[in-house]
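Welcome! Please take a moment to look over the sequence and the 3D view before reading on.

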Amino acid sequence: MSRKITFLTLFLWLMTVTFPVIAQQKADTTYTFRFVPQKDMFYVPWNGNDTELARLLECIENSKATIFDGKLPLLVDGYCNSLGGEAENLATAKIRANRVKSELITRAKIKEENFITHNHATGGDFVIVRLTVPAKETAAMDAEAEARRKAEAERLATEKRAEQERLAEEQRKAEEARLAAEKAEAEKTAQQNTLADTPSGTKITTDYHLSLRANLLRWATLTPDLGLEWRICPSCGIAVNGSWTSWTWSDKDRRYALWEVAPEIRYYMGEKKAWYLGAMFKAGQFNYKISETGKQGDLMGGGITTGYQLRLNKALTLDFNLGLGYLNADFEKYEVIDGVRVRCGNETKNWCGPINAGVTLVWKLF
């Protein structure tokens with residue numbers, strides 16, 4: 001009996017001595033979030049992450065006041081070793097840590113300055129969040145937490161200043177580029193004004209000799225149109241335009257197809273050589289079946305043309321043109337019965353009036 005009493009007394013004495021020491025130690029609470037190898041996306045429901053996140057949010061809620069005071073920072077360590085190099089692993093570890101922090105900021109309403117983050121290119125594919133929850137705060141512990149908080153705040157402030165300086169430098173360069181562009185445009189305008197004031201006998205011509213043409217009105221009707229113009233001299237030019245299209249619909253029961261070639265001779269007038277008169281010849285074939293009866297045949301004609309060219313820049317010009325004259329269309333009518341064309345007569349039509357119209361984009365080649 002005396003031995004039992006002695007043993008019990010010794011045990012109680014040991015507990016009395018060691019319990020305050022244990023009570024003053026910090027207890028680390030660790031939460032691990034798993035990531036798919038080589039990926040940086042934070043999948044909350046995956047691999048137990050939802051359970052860990054719920055536990056962590058509960059712990060944060062219980063210590064929110066201490067966390068907001070800066071006395072209890074959240075220690076975040078990002079890990080990645082599933083990529084090829086150390087730089088790639090560190091970059092992915094940083095992204096993973098930021099993903100977890102963003103989730104906590106959104107859900108627990110805490111701030112960036114409440115975290116202390118470290119990233120590692122070893123260990124695995126996970127992020128560890130630790131809260132060092134003290135059972136009893138001491139002055140030394142408070143000073144350490146305050147120092148960590150100030151160091152993190154200084155780091156964030158340094159990064160913010162660096163970002164502001166970078167943005168200011170970009171704005172300065174953009175402003176310099178804008179001023180340089182305005183200066184170049186002003187010099188170009190002054191040069192053009194000088195050329196305009198030069199007497200016509202000594203004025204320098206910038207007319208092209210060969211250009212590519214595309215009638216935008218034709219393209220708008222799904223009829224591709226391209227052409228060339230050779231300026232023999234500033235006052236004379238030879239142009240030729242060609243159009244081709246072939247469309248079918250309603251199981252080939254409806255059809256719109258044609259090809260045309262239109263050579264033209266032009267005479268440019270005025271000091272700027274913008275207005276012109278010309279003569280055009282047009283030939284081609286067509287096949288229309290918009291209704292029950294189709295028309296297929298040849299067309300030929302010609303007339304006079306007139307137009308105006310609006311120069312957009314050194315390479316591009318808009319050509320507004322209109323042609324008046326005569327067209328002859330000789331065609332046969334047909335119907336489609338059981339997929340076979342059945343001829344049902346011939347017809348000839350003559351047309352006097354507009355034979356051509358265009359808003360043509362002209363591109364100077366050389």
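## About the model

This is a predicted model, where local features need pLDDT of at least 70, side-chain atom pairs count only at pLDDT 80 or more, and totals for chains, interfaces and linings use all residues. Residues are numbered from 1 along each chain as its sequence is written, and side-chain values use heavy atoms, leaving out hydrogens and water.

## The barrel

Follow the strands β5-β6-β7-β8-β9-β10-β11-β12 and you will see these eight close into a barrel with antiparallel pairing. Strands here are DSSP runs of E with at least two residues, helices are runs of H or I with at least four, and both are numbered from the N terminus. Two strands pair if DSSP finds at least two bridges between them.

Strands β11 and β12 (residues 340-364) run antiparallel and are joined by 21 bridges. Glutamate 335, for one, has valine 342 in β12 as its bridge partner.

## Aspartate 319

Strand β11 (residues 316-337) holds aspartate 319. This residue is buried, at 0% relative accessible area (buried means under 20%, exposed over 50%, partly exposed in between, with a 1.4 Å probe and protein chains only). Contacts, meaning heavy atoms within 4.5 Å, link aspartate 319 to residues including Arg213, Tyr276 and Val362, with those up to four places away in sequence not counted.

## Nonpolar cores

A nonpolar core is a set of buried Ala, Val, Leu, Ile, Met, Phe, Trp, Tyr and Cys residues joined through side-chain atoms within 4.5 Å. The largest one has 22 residues, and Phe33 and Leu131 are among those with the most contacts inside it. At least two residues of this core come from each of β1 (26-34), α2 (49-62), β2 (74-79), α4 (86-108) and β4 (126-134). Another core, of eight residues including Tyr256 and Ile355, lies apart from it.
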